[in-house]
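Hi,

Here is the structure I promised to send over. Have a look at it first, and then read on for my notes.

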Amino acid sequence: MKKIIVVLLVLLLGVGTVFGSETPKVIKEWGDPVREKLAGTEIFILASAHPSINAFQELTPQFEALTGIKVNWVIIEEGAMYGRILMELAAGGKSINAMMVCPEYLFGLVDLDALEPLNKYIKNAPAWFDQEDIFPAYMDMLTGLDDNVYAVPFAGESGFLMYRKDLFDEYGISVPATCDEVLETAKFFHDKDLNGDGKGDIDGISFRGRRGWGMNWPWALMTFPFGGELLDPKTGNSRFNSQGTIDALSFLVEAAKYAPEGIESFGHYEAWTAFSMGRAAMLIESTAAAPLMEDKTSSLVAGKVGYSAMPEGPAGAYSGVWGWGLGMTKASNEKQKEAVWALMTYLFSREKQMEYLANNGVVTRVSGFEYLEKEKLPYLSAIKDALAQAAKLAKKGYTVVPRSPIWMEVVELMGTYGSMAVAGQMTPEVAAEVTHEMVQKAIDNNRLQKQK
Amino acid sequence: MKILEIRSLTRVLMGLFIIVALLLFLIPIFYMITSAFKKPIETFAYPPVWIFRPVFDNFIYAFQKLKILNYMRNSIIVATTSALLALFVAFPAAYGLARIKFKGRNKLAIIFLMLQSIPTIAVVFAFFFLARSLSLIDTRILLIIAYLYWGVPYAIWQLRGYIMSIPIEIEEAALIDGCNQLLIPYIITLPLITPGLVATAILVFITFWNEYVLAFFLTLKDAVTLPVSTSLFMTHTEILWGPMFATATLSALPVMVFVLIIRKYFVRSLTYGAIK
Amino acid sequence: MSVINNRKYALIYIAPAFVIVVLLTLVPIFMVIAMSMSEWTYGQTFNSSTFIGLQNFINLFRSKELLHSLRLTLIFLFTSVTMEFFLGFTIAYFLDRLNMKVNSLLLGLFMLPMVMMPAMVGTVNRLFFHPRGLVNFFVESFIGFRVNWYSAGYALIAVIIAEIWQWTPFFILTTYAGLQAIPQEPIEAALVDGAGSTQTLFLVTLPLLTPVLLVSILIRTMECLRNFDMIFNFFAGGPGNATETLPINIYRTTIYSRALGFGSAKGFVLIALMVIGAIVLSKLLIKYSWNE
């Protein structure tokens, strides 16, 4: 009997050591040689204020203690980040060692030969990093056509539909499954008087209508359910004049009629708050909005929201993936590159995913997803569906962010003319036609430049 | 000594106008300051929330998580030093351009103006390269010097205007009395334009305090000033209005203090009568 | 008689300022000129970009967007500066006449809008001019319905209001300082001679103040032409292109269209505008300066 107790105690102690210790042995084994080689190296990472980046900043002290590498997070505004990156690059790019990138500007940067392909690093990554665990769709969006991985994703999102479950139940409305149903439902809730005081209290639907980093998002998202194309995947030429693309814009212009006033200037902040403050019955937006909708300290509709995958258009139901990753600057020296990779290995690993999620990081891994499912969050199954819809799109050979080096310019053009259509300054047909013209011009210009 | 007696009614009307104007200007500020003490859900409420229980979370967040104090310190050092330097250099230049008739004086004045009118976006690129080669990126010195490109011409033009409002006879009288030519601007003119000098100092300081473009591109982490830190509030998922208003409130404080300290110089110079 | 006219002294006074400013701006000026004559985009070093002479400028004249931006910029400029001037002058004048002990305190309070960072003013106004924001709260209370500031028809007006709100204090400050600095004898003399206060204002005070006023208008005009942060954070040039003034258009060309050369050429147009404005106003200044 005594023997059994001793054995049990020893086992418990052993187990306790493994679970209770700060740094698992595996990581320490990895960390020590890194420390020998790179202690004292200082790296600068350009990023914008994002919940995931905040989470990484929380985890940074452990990393610094482990490896002796000094990490500097340079945080700037999302809208200005692109300009800053370009300036840095034009001046030689040596002061930034890693940068936060999204698929929209990734390929422009690749074109400028700014980023180091990470394939060789990933191949030699320790087992606890587990690259396979990262959602393939997210890895894919940061991989070039040449199969080079230019950035490791740390925050992924897709697009889906959010709606007021409570209002739908009250008025007996079923969740819209097609785009036409979405418009009908939006019309139903347009200017609806909920409390009988004669004044409209709510509107049908909210989304981004703002120019700049704004309405290009819903336009790109809706293009595919309507059977349109953005750029031809093979030739890279503009397909903004395709009927489906025009129809997608018409859909948005129509939906804008049933949207809260001011929709033509709604960025994603306004679009999200319109819904979270109870002024719109539906929201077609990024999955990243979901946690905020459920946050009682800032959302009036927490607990009343239903989530569903994208509605079906004439050509089917599709969604897309967007997100952020970290890329390694090519102009850094060897030591800095190794240090950046060490940081990426540590922060983005499977091992650290739980801690990262606990610090409000955005889920990017299958294992992270499974972990969250235990929390029974209401939006997880819709996210899964949306990812499946995005995969369906990828299978057809399309992405919501085409791999074009001038995509940022296209975004600005889409945002400008699309916003003019939403604001009523021009019809969707004209807007799409002008966008097509300008985009093609930009593409041609870029090709001419390349030839020189 | 005011000889003119203003009729009471006119006084009252003027006073009313000022009060209404003041209210219009201050209501948004008041709203921002009070919002610094609100919880997020109250910020977006419509109709706006006027009565609420204040919380200090936003300030705590700004200080702890966002380390606002560092940025404030940088802003104070850069703005003050650069403003003083600009005025020190600009005053004699303004005097020379205002008083001394020489060929090409007007052309020179316009050249200063043109140099100042280059949009910062164009200048920042060149500064970036130069600073890089001198290893001055991300230093406060760099900003202090860079800001002068705008500050000096600006101050010259403002001060020139004020100097030209002072009759030249006063200076000539001093000259006849045997005052040293080179000292006249400092002994005679400077005290007379004190309100103008103070006004210019305030404007230059405020502009430097709020300067964004140069600070954004020329700093990384050490010399980051307050305006650049506003990016911290625009996260991907939400705008942190609370901490932003808290920071805005805090960044208005040094300027207010500065103004309150020097406000007595805003009064008409008492030495006027002494000349006659 | 006036030894103050001694030209040697001019050199001593002006040289330091001149040297500093020229050093700081000479290189950038040359860069802008060189850039505007080339077709340059990111990824090439400047040396490898193509020299295309004045082609960029010729393209400029064909550009419809540029015309639109120019139009918006001028509307923005004239409306804002004029209103700021009249409002600012009136407030400063009243303050001066009332001559209360609290004047300097009031002045301090009036300066608060100026103290805010333009970028933050833009962002905060995004919140205030939201159809369900602070501004509409008051508008609705007085007029009974909400104005959609976010729409193409009203966005520019919202931007102008924001600009006037922030910069009228500039005129209050400079005018008040001017009023405090001008000699009181002519004013008092006129009043003793029996002139009414309005007459005094227009015939005596204003002429004395002209240099200060013109300089303030000049400076404010140039700063207003440069306005980028506020409008960018507020509407980013939208909705559509309803608030795309020249600086925003330049940003779009340089960053999004990555055309550094064309963008520089546009920058040149902006500089030209500023210089024209400057020359016009400074000629006025010279004409009306009474101690010439």
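Below is what I found, starting with the contact between two of the chains.

Please keep in mind that this is a predicted model.

**Chain C against chain A**

The interface brings 35 residues of chain C into contact with 36 residues of chain A. About 3000 Å² is buried between chain C and chain A, with carbon and sulfur atoms giving 48% of that area. Across this interface there are 5 residue pairs in polar contact. On the side of chain C that touches chain A, the elements giving two or more residues are helices H11 (229-234) and H12 (246-256) of chain C. H12(C) provides the largest share, 5 residues. Sorted by class, this side of chain C has 14 nonpolar, 13 polar and 8 charged residues.

The count of salt bridges between chain C and chain A is 2. One joins C:Arg126 to A:Glu270, with the closest N and O atoms 2.6 Å apart. Another salt bridge pairs C:Glu244 with A:Arg211, at 2.4 Å from N to O. C:Glu244 sits in the loop between H11 and H12 of chain C, and A:Arg211 in the loop between strand E5 (203-206) and helix H10 (216-223) of chain A, so this pair joins two chains. Both C:Glu244 and A:Arg211 are buried.

**Chain C by itself**

Chain C has 13 helices and 2 strands, and its C-alpha trace spans about 70 × 65 × 30 Å along the principal axes. Of its 292 residues, 64% are buried. Among contacts in chain C with a separation of 6 or more, 67% are between residues 24 or more positions apart.

**Salt bridges within chain A**

Over all chains, the structure holds 22 salt bridges. One of them links A:Lys25 and A:Glu29 (3.7 Å, N to O). These two residues are 4 apart in helix H2 (residues 25-38) of chain A, which means about one helical turn separates them. A:Lys25 is exposed, at 64% relative accessibility.

A:Lys384 and A:Glu373 also form a salt bridge, at 3.1 Å from N to O. This one links distant parts of the chain: A:Lys384 is in helix H17 (residues 380-395) and A:Glu373 in helix H16 (residues 366-373), 11 residues apart. A:Lys384 is partly exposed at 43% relative accessibility, and A:Glu373 is partly exposed at 31%. Finally, A:Glu116, A:Lys120 and A:Lys337 are linked in a salt-bridge network.

**Cysteines**

The count of disulfides over all chains is 0. A:Cys102 is buried at 1% relative accessible area, and A:Cys179 is buried at 3%.

Best wishes

Terms used. Residues are numbered from 1 along each chain as its sequence is written. Chains are lettered from A and ligands numbered from 1 in the order in which they are written. This is a predicted model: local features need pLDDT of at least 70, side-chain atom pairs count only at pLDDT 80 or more; totals for chains, interfaces and linings use all residues. Side-chain values use heavy atoms; hydrogens and water are left out. Contact means heavy atoms within 4.5 Å. Buried area is the accessible area (1.4 Å probe) that two parts lose on being put together, summed over both. A salt bridge is a side-chain nitrogen of Lys or Arg within 4 Å of a carboxyl oxygen of Asp or Glu. A polar contact is a pair of N or O atoms within 3.5 Å; within protein, one must be able to donate a hydrogen and the other to accept it, and residues adjacent in sequence count only if both atoms are side-chain atoms. Ala, Val, Leu, Ile, Met, Phe, Trp, Tyr, Cys and Pro count as nonpolar, Asp, Glu, Lys and Arg as charged, and the others, Gly among them, as polar. A disulfide is a pair of cysteine sulfur atoms within 2.5 Å. Buried means under 20% relative accessible area, exposed over 50%, partly exposed in between (1.4 Å probe, protein chains only).
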